[in-house]
Amino acid sequence: MFKKLFISALLTFAVAMTASAQFRYGPQVGANFSSLNFRQSGLVGVEQSVNPTAALNCEFMFTSFGLGIDFGLGYAMTGGFVNLDKPIWQLNGFGREHVMIHNLQIPVHLRFKWTKMQGLENIIAPIVYGGPEFDIQLGHSRQEKNGQKAFKYSGGDVALACGLGVELFRNYQITAGYTWGVTYSLKTAQLDDFSARWRGWTLRLSYLF
């Protein structure tokens, strides 16, 4: 008897959640203010670079209490300026190198949107989000001189992101956050264990239909 009641309650909950859920999608553009965090700090200098992003952004919300997920598929460039000013690199002609990594990016974030504000949410609704982002490297800049490469690229990486934002007039969403690389994006060719993970700030604008 208890088992039947439990299953019935689960089905009722699932139907209620599905009925109140809302799926939306739309274009997203933005920028990464990215850098590279090397395992041994101080061996090379790193400067931040500003890089573009563009994606199809999707939102699946359980509108009754504001909890949902956002996910997407898009392009994101990451990287930074790396100062290879030690003799091991200078002998091959390397110096201040602009590292650019072109990624197919798949974010999957848990999000909360405050939707219970007695109608004010139709004008402005706060958002917080967090979760993983998966990058597949499609290409990268070539730091190669005298037949010697400066870096070896990983082919892809995983990062964690969190941030906040607002939804304006139910269609426009502006979000800002920070991303930490969990796995490495590249390592130096001469020093095998000298690897770097990307990290940085993100600013994005979405329009959801």
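A salt bridge here is a side-chain nitrogen of Lys or Arg within 4 Å of a carboxyl oxygen of Asp or Glu, and the structure holds 11 salt bridges. This is a predicted model, in which local features need pLDDT of at least 70 and side-chain atom pairs count only at pLDDT 80 or more, while totals for chains, interfaces and linings use all residues. Residues are numbered from 1 along each chain as its sequence is written, and side-chain values use heavy atoms, with hydrogens and water left out.

Q: Why is the contact of Glu59 and Arg24 called a salt bridge?
A: The N to O distance is 3.1 Å. The definition asks for within 4 Å, so the pair qualifies.

Q: What makes this pair a tie between parts that are apart in sequence?
A: Glu59 lies in strand 3 (residues 49-62) and Arg24 in strand 1 (residues 21-38), so the two joined parts are 35 residues apart in sequence. Strands here are DSSP runs of E with at least two residues, numbered from the N terminus.

Q: How do you know whether Glu59 is buried or exposed?
A: Buried means under 20% relative accessible area, exposed over 50%, and partly exposed in between (1.4 Å probe, protein chains only). Glu59 has 0%, so Glu59 is buried.

Q: Why are Lys86 and Asp85 called partly exposed?
A: Lys86 has a relative accessible area of 29% and Asp85 has 40%. Both values fall between the two cut-offs, so both residues count as partly exposed. Their side chains also meet in a salt bridge, at 3.4 Å from N to O.

Q: What makes Arg204 and Glu133 a salt bridge?
A: Their closest N and O atoms are 3.6 Å apart, which is within the 4 Å limit. The pair links distant parts of the chain, with Arg204 in strand 13 (residues 195-207) and Glu133 in strand 6 (residues 124-140), 71 residues apart. Arg204 is buried at 7%, and Glu133 is buried at 1%.

Q: Which residues are linked with Arg24 and Glu59 in a network of salt bridges?
A: Asp70, Arg111, Lys113 and Glu167 join them in the network.

Q: How do you know that strand 1 and strand 3 pair?
A: Pairing needs at least two bridges found by DSSP, and these strands share 14, in the antiparallel sense. Val29 stands opposite Ala54 in strand 3.

Q: What makes strand 3 and strand 4 a pair?
A: 10 bridges join strand 3 to strand 4 (residues 67-83), and they run antiparallel. The bridge partner of Ala55 in strand 4 is Gly74.

Key
Helix = DSSP H or I, 4+ residues; strand = E, 2+ residues; numbered from the N terminus.
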